[in-house]
Amino acid sequence: MTNHYKKISLLLFFIVSTFNLFAQGIKGKITDGADGSAMPGVSISVLNSKTGTATNANGDYNLKLASGKYTLKVTFIGYEAQTQEVTVGNSIVNINFALKSSGTSLSEVSVIGSRSTKPRTNVNSLVPVDVISAKELKSFPQLDVTQILNYIAPSFSSNRQTVADGTDHIDPASLRGLGPDQVLVLVNGKRRHTTALVNINGTFGRGSVGTDMNSIPVAAIERIEVLRDGAAAQYGSDAIAGVINLVLKKETPLLISALYGQSQSNALGREHTDGKTYQVDASKGWNLNNKGFVSLAAQYLDRGATNRGGFDTRPMLYSASPSKGSSESEADFQTRFAGLKAIDNARAVTNGVSRNNMIVGNSHSKNYGSFANGEYEIGKNMKGYLAVGYTRKTGMAAGFTRLPTQSTQIDVSIYPNGFLPFINTTINDFSLSGGLKGKISDWNYDISNSFGSNGIRFDIENTLNASLPIGTSPTAFYAGKVRFAQNTTNFDVSKKYEFSSFLKSLNTAYGAEYRIDNYAITAGEELSYSFGQPSKGIQGRAVGSGFAAAGAQVFPGYRPANALNESRSNIGLYADYEAELGKNIVLEGAGRFENFSDFGSNFSYKIAGKVKVIKQLSVRGAYATGFRAPSLAQRYFGNESTQFISGLPTQVLTVNNDNPIVRKFGVESLKAEKSRSASIGIAGKIIEGLTYTIDAYQIDIDDRIVFSSQYARERVAGVLNPNGLVNQILNTVDPTAQINSVQFFTNAISTRTKGLDVVLTDKIILNKVSNLTLSAAVNFNETKVREIKGSAVIEADPTLKARLFDRTERSRFESSVPKSKLNLSSAYSYKKLDISLRTVRFGEVAFLNPVDPTIAANNLPLEMDQVYAGKWVTDLSVGYKITKQLGANIGINNLFDVYPDKMYIDPRNNENNLSSVNGYTGGRDNTSNGRFLYSRAVTQFGFNGRFISGKITYTL
């Protein structure tokens with residue numbers, strides 16, 4: 001019996017002890033400090049342990065802990081992190097947190113720009129870094145990454161292009177005024193692949209191959225880090241202007257948002273309600289038993305087309321304008337011309353043909369994007385990680401209208417009223433990056449492999465092949481594909497040494513990289529590029545004394561001669577050292593060697609330092625050398641395209657760098673661009689909440705790769721000159737003279753870019769339920785071409801030298817992006833209400849005409865060189881939290897409906913100009929017969945006007 005009571009007593013003791021054990025711990029509620037609302041999905045971790053949790057839908061959390069002392073850390077995207085020490089006894093401890101909005105990114109910790117394991121805010125970093133939080137990414141109505149950055153980051157520029165073939169669907173971007181291919185893009189710190197598209201049309205970034213950041217859903221991004229400093233010695237090729245690192249979300253609550261918006265604008269004497277946009281996105285992150293996480297995000301974006309085109313000014317749409325008879329008086333001629341024009345106008349009205357016959361604005365696009373990001377502990381000192389993304393983007397962009405009068409480009413039996421051709425693209429973008437990281441002894445290691453590909457398919461519709469017999473051409477064609485793939489393997493190790501002397505610590509990092517690039521072009525169907533149909537013995541159609549144009553109008557397909565599949569590899573080795581000297585000095589040195597299989601090797605180095613002069617002031621600076629390897633597309637791309645020069649269609653042959661035609665111009669194989677950059681700045685905090693950074697920089701680049709101006713066939717009095725060098729070269733591949741000009745890539749110029757970045761941010765806590773954040777940021781930037789140098793053949797011929805890099809190409813480098821950008825923003829929070837107001841001044845840009853109008857002999861208006869004044873664009877966003885989970889937002893981009901300056905239109909470019917003396921011409925301005933009223937050759941802020949949107953957000 002006694003044993004029985006002992007057993008019962010032990011059992012009761014065990015039960016009570018167990019109850020007391022599980023009764024110990026910490027619980028509480030986490031709320032928004034501005035309005036007191038519950039915050040679901042907030043991360044609560046116990047420092048120096050693997051224990052953690054997240055709040056539920058009501059903002060509650062619960063941690064089971066044994067007795068002892070703990071430090072809790074509470075974090076949530078867009079809010080200031082909080083830590084608190086807690087002592088747990090024999091009962092539950094209640095700890096509540098009220099989080100404050102971070103308001104500004106300047107206190108955010110960045111990982112880019114240093115391989116040290118010590119986290120630093122960008123105010124404390126050795127080089128300038130912007131950190132843009134998820135909250136900022138979603139605050140205003142810009143919907144994709146490049147547009148968001150264009151309005152947030154002063155040193156970044158990007159705009160959607162129009163009537164530019166594939167560039168309508170992939171936006172070229174610039175950092176510090178440099179090219180789209182001179183900034184390196186990372187995702188989670190791993191190199192991101194570039195696109196397969198090489199921009200060959202007359203827009204900013206002509207000749208470059210950039211990275212499509214818009215293929216990454218905004219819903220998947222936790223923050224964006226923008227390193228504004230040369231970093232090729234740390235990260236490799238392309239990081240001349242800097243590095244943009246997109247960091248993916250981790251543990252987050254379920255967040256679903258739906259948006260609808262459209263233009264609400266008045267311009268050109270018309271009201272515009274186009275650009276209807278639908279967006280739905282969602283993201284969710286899960287904690288995996290405190291051993292890791294997995295996060296999923298997806299987005300659907302349907303962006304409608306916009307049109308800000310002018311009216312076609314050509315007097316006649318259906319027939320050629322008449323010529324004045326030798327015995328006809330001017331008055332009789334104009335009367336006859338007016339009668340013919342009236343008949344032509346009546347025919348257009350009867351057939352429903354409008355003079356607003358182009359689509360000049362955003363293309364129509366649909367974007368289906370998804371991303372998964374995860375990490376899991378698979379050993380005591382080892383974690384596995386994986387990030388997988390896939391985006392499918394379809395687009396539909398219009399080209400130039402073909403009129404019935406353009407006999408070499410039309411078949412009036414198929415299109416009696418002319419036609420507007422469309423380029424349809426299907427872009428598939430895939431990426432997979434994974435690896436293992438951890439610690440062996442005192443060494444941190446990270447071994448990873450990243451694969452990415454970008455493929456673009458071109459389908460042309462509402463078009464024809466004019467060279468086929470009358471009435472036989474199809475109206476849609478498959479024009480081929482381009483694809484770029486990249487596989488990168490990295491092995492990185494680092495170790496930090498601590499000392500008890502003036503040298504406090506030394507962080508050492510070493511690494512190796514092996515990368516394989518592949519670029520391929522697949523030919524289109526025969527009729528998309530052919531002159532006639534050779535496979536069936538059908539000759540190309542003659543038109544008068546010449547021939548009809550070959551291939552699909554607007555975008556002739558890739559020919560079998562263009563098809564290729566080329567690869568290269570490179571090996572990179574780097575070393576990076578960062579030392580802390582005393583309490584106030586940090587120095588860094590890095591070197592990187594790379595060897596490419598196609599052009600050779602390069603060594604880059606960088607030194608940087610920061611000195612804390614006083615508590616509120618640090619001085620920082622850096623000097624770096626860098627390089628950019630020529631892209632495979634720049635080396636191997638070739639095609640034939642129809643481009644409009646001064647409003648006239650031109651068949652242009654683009655030849656790759658290995659083509660014999662290029663060698664006849666004396667141009668050798670492409671080599672790497674080399675850079676030298678220096679920066680110096682100050683950073684600090686004036687008073688609590690008010691921070692500043694001021695950084696000046698200079699970047700010199702030698703052997704920059706350019707896409708040459710077009711070398712047109714020489715003519716004398718309108719007749720081909722058989723002795724012209726370009727004629728002789730082109731006749732070797734095109735004896736029927738269908739090709740009008742040729743262009744190619746070459747290392748030809750050296751540039752210097754100078755600038756200044758200033759960022760000021762102040763956060764003001766008004767009271768317990770409201771706060772105000774004010775920020776100002778400005779970038780001043782200037783690029784000058786210091787030298788233009790061609791091959792010996794080109795240098796020996798002044799005409800060839802002048803056309804290698806003409807005035808327009810020079811202006812693309814020197815003045816096509818704003819020389820200054822000023823960003824003023826404010827964010828006010830009061831309980832459940834958030835109001836954000838931002839105004840950005842986009843500085844002036846300029847365009848230079850290919851032919852110099854200041855030379856009297858050219859007889860051109862001086863206004864063909866044009867400066868476009870700086871403009872202010874203001875955005876407003878008002879958000880209200882209806883319930884704990886449901887929020888609503890109204891956003892207005894371009895509140896005051898501001899447009900860029902209009903392009904100059906010459907008085908003679910007028911459809912009612914029927915004179916035979918100084919009569920109608922579209923060649924004395926750059927509006928393409930009045931249809932481009934806003935320039936597409938320069939990049940400011942686009943020309944779509946006001947955009948209004950409404951958004952609903954649900955968080956659980």
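Reply: Terms come before strands. Two strands pair if DSSP finds at least two bridges between them. Strands (E, at least two residues) and helices (H or I, at least four) are DSSP runs, numbered from the N terminus. This is a predicted model, where local features need pLDDT of at least 70, side-chain atom pairs count only at pLDDT 80 or more, and totals for chains, interfaces and linings use all residues. Residues are numbered from 1 along each chain as its sequence is written, and side-chain values use heavy atoms, with hydrogens and water left out.

Me: OK. Which residue in β49 is the bridge partner of Leu-837?

Reply: Leu-876. Leu-837 is in β46, where Ser-826 has it as bridge partner.

Me: How many bridges hold β46 and β49 together?

Reply: There are 10, and the two strands run antiparallel. Strand β49 covers residues 871–881. β45 (residues 820–830) and β46 (residues 833–842) also pair in the antiparallel sense, over 10 bridges.

Me: And what sits between β45 and β46?

Reply: Two residues, which makes the strands a hairpin. Lys-831 in that turn has a positive phi of about 50 degrees.

Me: Is Ser-441 buried or exposed?

Reply: Exposed, at 62% relative accessible area. Val-163 is buried, at 7%. The cut-offs: buried is under 20% relative accessible area, exposed is over 50%, and partly exposed is in between (1.4 Å probe, protein chains only).

Me: New topic. In what order do the five strands of the open sheet stand?

Reply: β11-β16-β17-β14-β15, with mixed pairing. β11 (129–133) and β15 (190–191) are at the edges with a single partner strand each, so one side of each has no neighbour in the sheet.

Me: How many bridges join β11 to β16?

Reply: Five, and the strands are antiparallel. Ile-132 stands opposite Ile-224 in β16.

Me: Which helix lies across β11, β16 and β17?

Reply: Helix α3, residues 145–152. It runs at about 55 degrees to β16. Such angles run from 0 to 180 degrees between N-to-C directions, with axes as lines fitted to C-alpha atoms, for helices over the stretch in contact. Contact means heavy atoms within 4.5 Å.

Me: Now charges. How many salt bridges does a search of the whole structure find?

Reply: It finds 49. A salt bridge here is a side-chain nitrogen of Lys or Arg within 4 Å of a carboxyl oxygen of Asp or Glu. One of them joins Arg-314 and Asp-312, with the closest N and O atoms 2.7 Å apart. Both of these residues are buried.

Me: What is the partner of Glu-513?

Reply: Arg-592, with the closest N and O atoms 3.4 Å apart. Glu-513 lies in strand β28 and Arg-592 in strand β32, so the pair ties together parts 79 residues apart in sequence. Both residues are buried.

Me: And Asp-865, what does its side chain meet?

Reply: Arg-807, in a salt bridge of 2.7 Å, N to O. That pair is 58 residues apart, with Asp-865 in the loop between β47 (845–847) and β48 (866–868), and Arg-807 in helix α11 (residues 807–814). Asp-865 counts as buried, at 18% relative accessibility.

Me: Which residues are joined into one network by shared partners?

Reply: Among them are Glu-513, Arg-515, Arg-592, Glu-594 and Arg-663.

Me: Last bit, the surface. Which residues form the nonpolar patch?

Reply: Members include Tyr-514, Phe-593, Phe-603 and Tyr-623. Together, the patch residues have about 830 Å² of accessible area. Those areas come from the Shrake-Rupley method with a 1.4 Å probe, and for residues only the protein chains shown count as cover. Patch residues have over 30% relative accessible area and no salt bridge; like charges are joined within 9 Å, and nonpolar side chains (Val, Leu, Ile, Met, Phe, Trp, Tyr) within 5 Å.

Me: Which strand gives the most to it?

Reply: β33, with three residues. β28 (503–523), β31 (564–581) and β33 (600–614) each supply at least two. Phe-593 sits in strand β32 (residues 585–596). It is partly exposed, at 36%.
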